[in-house]
Amino acid sequence: MKAKNLKVNGLTEPIGYSFDHLTFSWETSGEDLDDQSKMTVTVALDPAFKQVVAQADCASGNLLTLAPDFLKNKTRYFWRVQGLTFQASSFFETGLMDDAWQAKWISYQDAPQDAVCFSKKFMANKAVKTARLYLMALGLYEASLNGQAVSLEYLTPGYHSYDLYQQYQTFDVTHLINSENELTVMVGNGWYKGRFLFDGGFENIYGDKQKLIAQLEITYEDGSREVVLSDESWNCQTSFIKENSIYDGERQDLSTRPEPLQTIALTDDRATLTERLDLPVKPVRVYNPRAFIDKNGDLILDFEQEITGWIAGRVETPKKQVKFTFGELLQDGRFYRDNLRTAKQEFIVDNIEQASFIRPHFTYFGFRYVKVEGLSEAEALRFKGYSLQSEMEETFSFASSSAKLNQLLSNVKWSQRDNFLSIPTDCPQRDERLGWTGDIGVFANTASYNMETRAFFANYLRAMRAEQLAQKGAVPVFVPYPKIKPFEGINPFLLGGAVSVWGDAATILPITSYRHCHDQGQLKADYPLMKGWVDYILKKDQAHQNRHLFDFDMQLGDWLALDTGIKGSVMGATDSSLVATVYYWISAQNTADAAAILDYQTDNAFYQKLADEIKAAILTTYFKGDDLNLTPATLNSPTEQIRQQMAQGFAGQKIDTKVDTQTGLALLLHYRLYPSEAAREKLADRLQARLEEAGNSLTTGFAGTPALLHALSENGLDQAAFDLLFKEDAPSWLFEVSQGATTTWERWDSLLSDGRISGTDMNSMNHYAYGSVEDFIVEKLLGINLPELTGDTWKIAPHFTSHLTWAQGKLMTANGPLEVKWVKTGSLVETTVILPPRTKAVFIKQDGSLCQLKSGSNQFSEIFPDNSANAIQDYKETVNE
Ligand code: BGC
C-alpha cells in the first residue's frame, strides 16, 4: 500500500496558514487492497523525525485531527504517516502566530491613487539559509523581489472582511534573495477601495488609500538573522495602472513615468492581522480563442467557454490604445453586454511604446467573448484566456450516453470554477460578485463532490463567523458584509438582514463539509457559527411566542421560482414561512448532528429537542390529519405581509401564496416532514399533480430546486424525476445546454427559446444555484451515497433510466477513486462498482436487497426497470393497497 496526496487541513504543504486545529489526511492506494493495519501520524521538527513533537494512531479513515497546542511560531514541522508496509511524509509551517509584528502599516500622504508601488532596497551579504516574507496589503497587491514574483498567486490578499480582520500571506523567498535586493509591492484598489457593491456601487467601502505591512525575515547560514520592515523609509510612487476596479476593469498607461509619493507610517492596529486561510488564486487553465467579425463589424475573440479571469498576450508593435471589452453573450450575432448592468468589464492599455506583454493586475472578468479594439485579428489571436480560481483539487468526473447531460455537468463544474474565486460568489461578471450565502448553501453538496472544498469553505466560514459576531448572531445575506451607512432609499439587502435559506448556510456548509471529509477539527471550529445561527433564530422565535414557526421576518423564500406566473418575478409562490420554518428545522437538526459528532451531549439534547419541536410545529400547522392544510395561519403572518409589500416593490402587484407548490411539497417530502405514510403518499400525489399542471415542467426556485428530483425519486417517481432532468424545452436544465450554455444560468429563462435575453436587470449566465441538480446525478443516477454522518459505510444504489444506455462516474475518496458504471444491454443492466481499499460499502439492488462490496471490481446484473407512466401507476397502486 502507498500513501500520497498528504494534506494538512485540506492544504498541501501550507506555509503560514492559521492552524486552529490540525487535521492530517492522505490518500491510500496499492496492491494489498485490504491492509487494515493501523496508521500512525508523527510530527517532528526535523525531516529525519528525531525530534518528535506529536504522535498518534489513526483510529479510522485516512485522517487524524490533533490539537495544535504544540505549535510554535515561524516553525517548519515535518509529518509522516506510517502503516505496516508504507510511509509518506510532508510538511507544514507556521506563520508569526503570537510573535508581535515588528513592521508598521504604511501608506502615503498624497491624494488617493488607484494604484501605487511601494519598494525597499536592502543588502544581504551572507549566505542565506531561509527567508520568509510576511505580507499584507489593502487592496490587492502583487509583490516581487528583484523583479521576480514572490509567488504564483494573483489577487492577493483575496476578499475577506477587511474591517474585522486582515489575513496576511507568508512567502518562502529564500531562492530570490541576492546580495543587493529590491522588494516591490504594487497595490491596487480591489475589494478594499474604489467602486464595489451592487445597487449603483459604493466608493471606498473599507478605506480610501492603499496600505501595506511587510516583514521580511532572513536567517543566514551562520545563524544570524536580519529583518526588513515596512516603515516610513520605504519608497512609494505612482503606477502605470491608472484605473482599476473589480467591476469596471483596468486602464494602464505604459508611457507613465512614476512620480514619488510621500510614504507615511500608520499607527493602525496590528492585532487584527491574522494568518491566512484563503486558498491561492491561480490561473488554472489557459484558452486559445477563435476570432470573428460580428454583425457590428467588431473584432471578437471567442474562448468557446465562459471563464472567469483575464486575457494576456504580447503586443509587438507600438499602439496608441488597445481596448478589450468582456461579455458573456452574443445577441443577433453581435457582441452584447447589457446584462452586466453598470460593470464596465474593460481592459484598456494606452501608449504601448515598445513590444510589451500586457495583462490586467487588479481586476477580473466573467466572459466568453472579448471585443478587441486597436489590434488586428492576427495580433488579437496572440492573446490567451486565463481562468483564475481558488486552487482546489477536482474530485469527480462523469460521462454518459447523453452528450447533453455531459455538457450540463461540465457547465455545473464551470460555474463552480468561475465563482470559486477567493470566496464563493453569485456571479463573476455583473456589478455584484458577492458571497451570497444562500447560493452556496444550496450548491454546497454538489460543490463538495466536484472539488475538495474543505479548505475553501473553512476560509469563507471564518469570514461568516466574524460577520456573525459583528452582527450579534445574524448571518448576513452575503459574506463578507461591507457595512454601509443607512440612507433613505437604501436597498434592504445592504442593511444586515438575516434571512432563512441564506443564513442557513451557517449550518449547511459545516455539516456538508463534514459529510464529505469527516474532519472533526474543522467541524469543531465551525460549531460556534452553527449554534450561533440557530440561537439567533430561536431568540427571535421566543420573542414571537415560541411557536417554532419562522413566520415573522422578511424572507426571500423560493427565490426566482416560476410559479407566481408573473414574468421576470424574483419571488416564488411558496409560503415563505413554510420555506423558512423547514430551513429552521434543517439548521437545528444540523446543529444537533454536529453536537452529537463532537460529543457535546448537552447541546445535542437541546438542539435535537428543538428540531423535534420545530418538526411538530410544521406538522400541526401544515397538515390536517393526513392531508396538507392549504390555509395555514402563516398565510396571514407578518412574513406574508412583508412578502406582499416586497411583491409590490418587485412586481407592482399582489402575488399568490400557497403551500402546495412544487417547492413546498418537495421540501416536505425530501426532509420527511409529514405525519404518516398516508400523508407522504398524498404529498407525492400532489407533487405529481403540480408537475402535470405545469406541463410536466419544474417551477421551483433556489429553495425548492435542490430537493425536487430527490423528492420525486425517493417517493417512487423516478420516471418523473428523470423526465425533468432530460427535458429539453424551457424551463429545464437541458434547455440551457441546447441554447449553447457553457455555464449554468441564474434564471430558468435567462435566455428565451429564440435565444434572446429575457431581461437585463438581474440576469447572469453564470450562477451555480441550479447546478445543485448534480447531487441528484451522483446520489441517484449513479447511486453513490456517502456514509451517514456517524457511519462508515457507503451505499451504492443506482437508479436506472431509459433516457440513457450507460452512465459512469468516478469520485475521489480518501482511499482512492470509487467508480460506478452501469450499462444497459437489452432488458438487462450491468453495474460495475470499483471500490477503493479500506472502504466499507453495500450495493442496494432495485428490489431493496443488500450486497456487501469488496475492494476492487464488483459486478451486478439486474433487469432494467420499467419506469414508464404505467409502471408508476402500478407502483402507486401497490403503495396504496
Ligand atoms: C444574487 C443572488 C442572490 C439574490 C438574493 C441576487 O442579486 O445574484 O444569487 O442570492 O440576489 O436576493
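How far is an oxygen atom of the ligand from an N or O atom in the side chain of glutamate 746?

Guide: The distance is 3.5 Å, from a ligand oxygen atom to an N or O atom of the glutamate 746 side chain. Keep in mind that this is a predicted model. The protein covers 97% of the ligand's accessible area, which is 310 Å² for the ligand on its own.

Aspartate 439 places a side-chain N or O atom 2.5 Å from an oxygen atom of the ligand. For aspartate 426, a polar side-chain atom lies 2.7 Å from a ligand oxygen. Both aspartates are among the residues that come nearest, a group made up of Asp426, Arg430, Glu432, Asp439 and His767.

Next, the second largest pocket. Its volume is about 1300 Å³. The lining has 49 residues, and those closest to the pocket centre are Gly61, Asn62, Cys517, His518 and Ala814. Helix α5 (505-517) is the top contributor to this lining, with five residues. Helix α3 (437-450) supplies at least two. So much for the helices; strands take part as well. β1 (2-8), β2 (22-29), β4 (52-58), β5 (63-66) and β42 (806-813) each give at least two residues to the pocket lining. The classes divide into 20 polar, 18 nonpolar and 11 charged residues.

The whole structure has three cavities of 30 Å³ or more. The second largest cavity has a volume of about 40 Å³. Its lining consists of Thr705, Pro706, Leu709, His710, Trp733, Ser772, Val773, Asp775 and Phe776. Helix α12 gives the most, with four. Five of the cavity's lining residues are nonpolar, three are polar and one is charged.

The backbone comes next. Start in the loop between α4 (454-470) and α5, where proline 480 lies. The peptide bond from valine 479 to proline 480 is cis, and its omega is near -5°. Valine 501 is in the loop between α4 and α5 too. Its phi is positive, about 70°, although valine 501 is not a glycine. Another cis peptide bond runs from threonine 156 to proline 157, with omega near 5°. Proline 157 sits in the loop between β12 (148-149) and β13 (166-172).

Helix α6 (residues 520-543) holds it. Leaving aside residues up to four places away in sequence, tyrosine 536 touches Lys472, Gly473, Ala474 and Ala498. Between the C-alpha atoms of tyrosine 536 and serine 161 the separation is 21 Å. Along the chain, tyrosine 536 and serine 161 are 375 residues apart.

To return to the ligand: glutamate 746 has its side-chain N or O atom 3.5 Å from a ligand oxygen, while the values are 2.7 Å for aspartate 426 and 2.5 Å for aspartate 439.

Technical notes:
Residues are numbered from 1 along each chain as its sequence is written. This is a predicted model: local features need pLDDT of at least 70, side-chain atom pairs count only at pLDDT 80 or more; totals for chains, interfaces and linings use all residues. Side-chain values use heavy atoms; hydrogens and water are left out. A residue is near a molecule or strand if one of its heavy atoms lies within 4 Å of it. A polar contact is a pair of N or O atoms within 3.5 Å; within protein, one must be able to donate a hydrogen and the other to accept it, and residues adjacent in sequence count only if both atoms are side-chain atoms. Accessible areas come from the Shrake-Rupley method with a 1.4 Å probe; for residues, only the protein chains shown count as cover. On a 1 Å grid over the protein atoms alone, a cavity is a set of points where a 1.4 Å probe fits but cannot get out, and a pocket is an open set with protein on both sides within 12 Å along at least five of seven lines; lining residues have an atom within 4 Å of a point. Grid points are joined across faces, edges and corners, and a volume is the space filled by probe spheres set on the points. Ala, Val, Leu, Ile, Met, Phe, Trp, Tyr, Cys and Pro count as nonpolar, Asp, Glu, Lys and Arg as charged, and the others, Gly among them, as polar. Contact means heavy atoms within 4.5 Å.
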